[in-house]
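Morning, everyone. Let me put the structure up, and then I'll walk through it.

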Amino acid sequence: VRGVLQPVVDAWYVHNLYGLWFLPTALAAIYYFLPKLLGKPVRYYYLAPLGFWWFVICTAVAGGSRLIGAPVPVWIPTLGTVANLSLILPVVIIGLNILGTLSGRFGAALNSLTLRFILLAAAGFLLNSLLTLLLSLRGFAEIAQFTLLGNLRDWSALYLAFSTAAFGAAYFFLPRLTGKEWRSAALVKAHFGATVVGSILLLIGLGAGGWQQGHLLGNAELAFGDITKALSGWHTLNSAGLAVLLLGHLAFLVNFIWIACPLNSQGTAGVTIPVPPALSLAKEGHA
Amino acid sequence: MKNGLVLFLGVFATLALSWAGLLLAAHKQIGALPQFKDPVEQTLNPAPLTGIADQGRLVYQDLGCATCHTQQVRFAGFGSDIARKWGERGSFARDYIREKTVLIGSSRLGPDLRNVATRIPEAEFFHKLLYAPESVAPGTNMPAHKFLYETRPLAGNQASYKAVKVSGKHGPGEGFEVVPTPRAEALVAYLMSLKDTYNYPTEEKLNAPAPHAKEGGH
């Protein structure tokens with residue numbers, strides 16, 4: 001593989017890694033936990049397979065959208081743009097399924113720690129889909145390409161969707177696997193709070209910072225050094241966001257070591273793990 | 001899993017299809033681009049990298065320069081790349097066949113480097129930039145690459161002819177000199193090779209804006 005074919009392969013691989021591994025894994029967790037913990041079937045169950053296959057097929061050819069304006073044959077980014085536009089429908093289906101399942105049970109969802117993380121993952125999925133679509137439109141890409149908004153796109157898939165879904169799953173499964181309770185409720189709260197705060201800081205820092213960076217780059221009169229100076233505040237904000245996330249991870253680590261350490265048998269007896277409410281699937285006609 | 005086989009085959013078919021449709025098709029189209037022989041000058045373009053510049057490309061890759069620097073000039077009318085004098089024209093696919101690894105990058109925390117040698121044709125500038133970025137680009141947030149340079153005492157001898165001319169607060173101090181290591185020399189040789197000055201007549205029309213469709217035309 002020589003020449004600019006390498007960036008094409010790279011775009012294909014990276015886009016599939018995010019779009020066909022991290023995002024669907026997060027989606028799987030969302031589709032698993034929402035009905036299970038709310039005791040309610042997925043709202044538009046019959047649309048879910050359509051949404052899934054449409055999503056997978058279009059994402060697989062959407063990688064070229066990362067190469068708008070790059071020295072590659074124009075059909076490659078154009079195919080990506082078309083695929084991303086046609087991704088609107090499956091994303092709407094998935095969004096309807098998430099919101100439809102949540103509707104009326106939002107309070108219950110906020111009471112469950114796992115579902116709070118899952119809600120973040122759902123927000124991350126929808127945000128990532130929106131950003132991927134916007135960044136594949138030429139007018140938007142002209143400004144936002146090569147800026148922090150590109151980082152925001154990848155971060156929203158990898159962290160806001162995938163990692164939070166994984167954390168939510170960990171909070172659900174680990175007590176059931178080990179038969180122990182989380183040692184410290186305060187640390188659990190700290191982890192979730194840090195995830196929310198850190199994510200908001202990064203959303204603002206990468207989003208607004210990237211938007212400003214794009215406009216500054218577009219102004220050819222402006223010297224590059226001035227752009228760097230204008231961005232330093234946003235960089236600080238992003239570092240602060242990442243630091244807050246790190247604190248949350250440390251809180252999780254302490255709790256995780258406690259629950260996973262085989263030497264610690266304390267708390268094994270007398271643990272009451274809440275049983276999820278039963279699903280009432282019969283009237284929907286599927287199982 | 002109930003539909004495990006269907007799922008596996010479906011996803012496999014999807015990936016195989018996108019691999020064939022996107023990558024094989026692109027490979028067939030641009031995978032064998034040859035050098036272009038100028039009909040008048042009889043030169044082959046793009047010229048291959050020199051040996052030391054090719055080593056420098058590996059250093060560029062090693063140090064992750066592509067994290068913050070792109071190497072792709074967007075065409076006139078799409079972004080301000082041309083107005084910023086990052087190149088005289090948009091980059092063509094053929095420009096990149098001389099590089100074994102193509103690092104077009106995806107972030108512009110730093111300026112585009114595809115034609116950096118036409119903007120700044122001095123090796124000394126790059127050495128200063130790498131050793132002490134603030135000495136030539138005040139306010140930059142580029143990290144200093146002091147590890148690419150050796151600081152050694154002069155001990156009364158004459159300074160090396162390779163010594164980087166940095167002084168004052170960025171310099172190594174009185175009685176010391178800063179000498180580039182082979183990695184630094186290779187990297188600078190690579191940066192000095194970054195100039196796409198040849199305009200391929202075969203590709204020129206690709207650069208032109210699309211002709212305006214006639215009003216109401218079919």
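How many residues does the contact take from chain B, and how many from chain A? Chain B gives 49 residues, and chain A gives 46 residues. Keep in mind that this is a predicted model.

Let's stay with that interface. The size of an interface is often given as the accessible area lost when the parts come together. Here, about 3,900 Å² is buried between chain B and chain A. Carbon and sulfur atoms give 68% of that area. Who supplies it on the chain B side? Look at L22(B), F78(B) and R84(B). Those residues supply 18% of the area that chain B buries against chain A.

Now the polar side of the story. Between chain B and chain A, the salt bridge count is zero. Polar contacts are there, though: 17 residue pairs, both partners at pLDDT 80 or more. And the make-up of the side of chain B that touches chain A? Its residues divide into 23 nonpolar, 21 polar and five charged.

Next, chain B as a whole. It has seven helices and four strands. Starting at the N terminus, the order is α-β-β-α-α-α-α-β-β-α-α.

What about burial? Of the 218 residues in chain B, 40% count as buried. And contact range? Take contacts in chain B between residues at least 6 apart in sequence. Of those, 67% join residues at least 24 apart.

Let me finish on one residue, A186(B). You'll find A186(B) in helix 6 of chain B, residues 182-192. Is A186(B) buried or exposed? Its relative accessible area is 3%, under the 20% cut-off, so A186(B) is buried.

Which residues is A186(B) in contact with, leaving aside neighbours within four places in sequence? They are I52(B), A53(B), Q55(B) and G56(B). Then take L58(B). In sequence, A186(B) and L58(B) are 128 residues apart. In space, they are 8.8 Å apart, C-alpha to C-alpha.

That's my tour. Over to you.

Conventions
Residues are numbered from 1 along each chain as its sequence is written. Chains are lettered from A and ligands numbered from 1 in the order in which they are written. This is a predicted model: local features need pLDDT of at least 70, side-chain atom pairs count only at pLDDT 80 or more; totals for chains, interfaces and linings use all residues. Side-chain values use heavy atoms; hydrogens and water are left out. Helices (H or I, at least four residues) and strands (E, at least two) are DSSP runs, numbered from the N terminus. Buried means under 20% relative accessible area, exposed over 50%, partly exposed in between (1.4 Å probe, protein chains only). Contact means heavy atoms within 4.5 Å. Buried area is the accessible area (1.4 Å probe) that two parts lose on being put together, summed over both. A salt bridge is a side-chain nitrogen of Lys or Arg within 4 Å of a carboxyl oxygen of Asp or Glu. A polar contact is a pair of N or O atoms within 3.5 Å; within protein, one must be able to donate a hydrogen and the other to accept it, and residues adjacent in sequence count only if both atoms are side-chain atoms. Ala, Val, Leu, Ile, Met, Phe, Trp, Tyr, Cys and Pro count as nonpolar, Asp, Glu, Lys and Arg as charged, and the others, Gly among them, as polar.
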